Amino acid sequence: MNAHHARVLIIGAGPAGCTAAIYAARANSKPLLVTGRRAGGQLTTTAYVENFPGFAEPVEGPLLVEQMRRQAENAGTKVMYDIITSVDLSMQPFRLEGHSGDTYLADALIVATGSEVRWLGLSSEKTFKGFGVSANAIFDGIFYRNKEVVVVGGGDSAVQAALDLSNLASKVTVVHRRDRFRAESILKDRLLSKANVDVVWNHAIDEVIGEHEPNKWVTGVRIRDVRTGDVRELPTHGLFVAIGHDPATALFRGLLDMDAAGYIKVDPWSTKTSVPGVLAAGDAIDPIFRQAISAAGMGCMAAQEAEKFLIEHPPAPIAPAQSAGPWWPVGPLHGGG
């Protein structure tokens, strides 16, 4: 078990976290970036990004976020491949514990934990998750080459997933509970021009159907007309869920002010949270835009506000680490400066 002390500690390695790390490093704050469970966030599940400035041609999502991380490292960021499991914001420096057993102390903390997949909430969905039910068309699409698949959802994520799968599957059926997509026009037009794509409007999925013996696998879905209530079965080899995302902020519940959906509240035109010295950026605070470029912009803001906080509230001295046992916070929340 190791102890780490950082002037600025960032949780999350997506566009918000990496951009915050770049700016904090350039301010000579020697930031520590803890990646979390999936280093790179939602971009790692995006085949191609066409709307991030600076790239004349589409760029692979995983490559884009990898370049962000490497840029942060080149600027002076130390990257830790760990998962934060507990947080204490009652004292400064803030104290965090990692899944690795390591302890982290932070004079300023930037929360860029992003978002996580929203599932349908069906018991049958849970039964077949990983056995024909997926939320990642990029990684799992290869298993459905020349097979029929269903995508549920109507936003950018669903339309992009359907487009990606249309290059592999023999047929893609998109089930959407409304009568139009919410996705970007360019994505909608591409999808609707695909010969092997069918759209079932005004329907919701009530159940995932499949075999349990000798192997567990999806064979179809039961869909319901949201207007008439009529129910029918749709044969398929796989179901891809793309109905949106929820903020990955459970770790901070009860510690930071949030709205009813779990988005961390920040001051207007700011990334300041309800706890001084704790900033938040990206999908963890954004229920509206949820774009890589807007997340990156908020990461820039968070790093600059963290630096301003540290100038106005110089950190209290850290007690020397003992030969055994963790470091402990030594200053009050509003101490210093």
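Colleague: How many aromatic pairs does the count come to?

Modeller: This is a predicted model, in which local features need pLDDT of at least 70, side-chain atom pairs count only at pLDDT 80 or more, and totals for chains, interfaces and linings use all residues. Residues are numbered from 1 along each chain as its sequence is written, and side-chain values use heavy atoms, with hydrogens and water left out. Rings of Phe, Tyr and Trp (its six-membered ring) pair if their centres lie within 6.5 Å; planes under 30 degrees apart are stacked, over 60 edge-to-face and the rest tilted. By this rule the aromatic pairs number four.

Colleague: Which geometry do Tyr144 and Phe240 form as an aromatic pair?

Modeller: Tyr144 lies in the loop between helix H4 (137-140) and strand S12 (148-152), and Phe240 in strand S18 (residues 238-241), 96 residues apart; helices (H or I, at least four residues) and strands (E, at least two) are DSSP runs numbered from the N terminus. The centres are 5.3 Å apart with 75 degrees between the planes, and the pair is therefore edge-to-face.

Colleague: Are Tyr144 and Phe240 buried or exposed?

Modeller: Buried means under 20% relative accessible area, exposed over 50%, and partly exposed in between (1.4 Å probe, protein chains only). By that definition, both Tyr144 and Phe240 are buried.

Colleague: Which residues form one aromatic cluster?

Modeller: Tyr144 and Phe240 form an aromatic pair. The cluster holds these two together with a Trp residue; its members are Tyr144, Phe240 and Trp217.
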